[in-house]
Amino acid sequence: MLSSCVRLVPTAVRLVGSLVCSSSRSFMDLKALLSSLNDFASLSFAESWDNVGLLVEPSPPHTVNTLLLTNDLTEEVMEEALQKKADLILSYHPPIFRPLKHVTWKTWKERLVIRALENRVGIYSPHTAYDAAPQGVNTWLAKGLGTCTSRPIHPSKAPSCPAEGTHRVEFSVSHTQDLDKVISAVKGIAGVSVTSFSARTDDEEQTRISLNCSQQALMQVVAFLSQNRQLYQKTEILSLEKPLLLHTGMGRLCTLDESVSLATMIERIKRHLKLSHVRLALGVGRTLESQVKVVALCAGSGSSVLQGVEADLYLTGEMSHHDILDAASQGISVILCEHSNTERGFLSDLRDMLGAHLENKINIILSETDRDPLCVV
């Protein structure tokens with residue numbers, strides 16, 4: 001677990017009207033824009049199962065003057081994008097997730113691709129990369145709770161680290177042994193990097209050999225060392241893990257500076273998400289006056305992220321029926337706001353952040369037709 005926390009203090013969202021429809025805006029080459037977007041929030045933060053990045057690319061070169069932000073790219077949003085002459089659509093959810101076997105006019109997702117290409121509009125999706133990012137969706141969602149400290153529930157790992165390989169193998173070779181022969185043998189194995197240094201063990205001068213190797217090379221190294229019983233008995237094998245990234249990862253565990261009643265927390269969440277209603281499952285033994293100090297949250301669908309987390313309250317868009325029952329049985333109350341209602345409000349903050357990050361080089365506009373497909377009737 002990470003001991004370092006992010007402190008969240010609710011602040012008013014700064015409205016930057018000049019980001020919309022300014023004729024003085026220049027444009028950006030698509031490749032340069034994609035590079036800047038990755039600098040803002042690396043796609044390496046995304047979950048391995050996700051489909052993120054540039055999903056539809058017009059034939060190059062392609063310049064972007066207007067970027068439209070939407071939570072979901074529906075046909076209605078596509079029509080809006082074309083009317084507003086968007087050159088690139090940033091759709092938080094990827095409209096292409098499962099592979100398309102054909103591109104015809106038959107299904108709505110295929111029609112999105114056709115219309116995008118015919119009108120030279122690119123489609124980009126960050127999805128879980130923005131969920132994990134320090135300035136991303138989950139951090140925005142946590143701002144509605146009140147002043148608190150926050151850390152990721154499942155921290156992200158660095159995409160790369162200085163050490164190569166997946167395992168480190170260490171052993172000592174005494175000076176009476178054929179040191180050059182051993183080093184030459186292990187260096188001859190593909191996927192192995194070798195370092196050595198002098199060491200003293202039991203008043204005996206030895207050379208410590210450290211190997212970084214891939215999973216495949218590990219088996220060859222072990223096979224070689226097992227031929228020498230003295231070497232093999234003193235061998236240590238370490239599994240290498242990439243370092244965790246501070247403030248980056250899935251979900252957030254938030255500890256309020258001051259506990260509040262569940263009823264108060266409900267009103268805060270409704271106000272932050274601009275909702276008149278939410279769904280509530282009371283934890284066993286809890287009431288609306290029960291105090292809330294720790295909130296575990298996950299934008300969108302939170303079942304897998306929140307499962308087993310100790311908290312007074314779970315906040316997410318949707319959870320399965322049985323996961324709600326499990327949480328409630330442990331005295332944890334659950335608030336559900338519908339999937340995209342826990343995400344869409346982030347786009348206003350994103351518009352301002354991207355405007356600053358891109359130095360206002362392009363027009364950035366929010367979709368006016370994007371909405372959650374569910375409503376209370």
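The protein carries 36 positive and 41 negative side chains, and the centres of the two sets lie 2 Å apart, where Lys and Arg count as positive and Asp and Glu as negative, with His and the chain ends not counted, and where each charge is placed at NZ of Lys, CZ of Arg, CG of Asp or CD of Glu.

A word on provenance: this is a predicted model, in which local features need pLDDT of at least 70 and side-chain atom pairs count only at pLDDT 80 or more, while totals for chains, interfaces and linings use all residues. Residues are numbered from 1 along each chain as its sequence is written, and side-chain values use heavy atoms, with hydrogens and water left out.

Turning to burial, 49% of the 377 residues count as buried, meaning under 20% relative accessible area with a 1.4 Å probe and protein chains only, whereas exposed means over 50% and partly exposed lies in between.

As for the rings, there are 3 aromatic pairs, counted for Phe, Tyr and Trp (its six-membered ring) when centres lie within 6.5 Å, with planes under 30 degrees apart called stacked, over 60 edge-to-face and the rest tilted. Trp49 and Phe97 have ring centres 6.2 Å apart and planes at 65 degrees, so this pair is edge-to-face; Phe97, at 38% relative accessibility, is partly exposed.
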